[in-house]
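Q: I am new to this structure and would like a short tour. Could we begin with the charges?

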Amino acid sequence: IFGFEDFKVNSLEQLCINFANENLQFYFNQHIFKLEQEVYDKEGISWTKIGYQDNQPCLDLISKRPVGIFHILDDESNFPKGTDEAFGQKCISQHKAHKQFLAPKTKQPVFGVAHYAGSVWYQVSGFLEKNRDTLRDELRDLVKTSSAQFISQLLADAAGTGVGAARRRPTVAAVFSESLSHLISTMSLCQPYFVRCIKPNEEKVADVFTKPMVLDQLRYSGM
């Protein structure tokens, strides 16, 4: 699926990107399936209702307050002694019964999410550091000692890695979620037109269609 990421090692970046795609897919479903069919019903048009996969449960798993994956991550990021492993265990403990959540069968620092475009396993290692997005105190202090005024003031307001530093600055997950929410709100005010892109083959060559690959994309798109 274009824009959807599933690598050998998936981290916070992939979770954010795939969460954005989940939101866009939900927006697509709402306009192409749900709202259109409501109009047909309202106008009494004779037609066959089209079923589609509602991915709202996946969105709730990742972002719903207070125990969505992003909120568990933010809570753990605010603890001075928080760890990636503790974050992973809290996710598993909270969501192991959720249909869209995949818990490892053995004790591993991973968790999975059953996205609309397929299941993805995420490595929890590095999640907290990336989510805090803070500079090391040593680097910040070094830049401030520069004899060039412009350089010395570059990081004047930057949060460091000391105790409580993460609380002075919004996390990556929080900023990303808010930005995505604004995007969806703006799009909702418009009259949307969609171009559904289908990736025909892995070789990136012309006039070659890998049928199973194309069929999977159509199914994942709710078509």
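A: The mean positions of the 25 positive and 26 negative charges of the protein are 5 Å apart. Lys and Arg count as positive and Asp and Glu as negative, while His and the chain ends are not counted. Each charge is placed at NZ of Lys, CZ of Arg, CG of Asp or CD of Glu.

Q: Where do these coordinates come from?
A: This is a predicted model, in which local features need pLDDT of at least 70, side-chain atom pairs count only at pLDDT 80 or more, and totals for chains, interfaces and linings use all residues. Residues are numbered from 1 along each chain as its sequence is written, and side-chain values use heavy atoms, with hydrogens and water left out.

Q: How many helices and strands does the protein have?
A: There are 9 helices and 3 strands, taken as DSSP runs (helices H or I, at least four residues; strands E, at least two) and numbered from the N terminus. Their order from the N terminus is α-α-α-α-β-β-β-α-α-α-α-α.

Q: Which residues touch the most other members of the largest nonpolar core?
A: They are L15, I69, F70, F87, F111 and F127, in a core of 29 residues. Such a core is a set of buried Ala, Val, Leu, Ile, Met, Phe, Trp, Tyr and Cys residues joined through side-chain atoms within 4.5 Å; buried means under 20% relative accessible area, with a 1.4 Å probe and protein chains only.

Q: Which helix gives the most to it?
A: That is α1, with 5 residues.

Q: And what does F70 touch?
A: Leaving out residues up to four places away in sequence, F70 touches L12, L15, C16, F19, I62, A173 and S177, where contact means heavy atoms within 4.5 Å.

Conventions
Buried means under 20% relative accessible area, exposed over 50%, partly exposed in between (1.4 Å probe, protein chains only).
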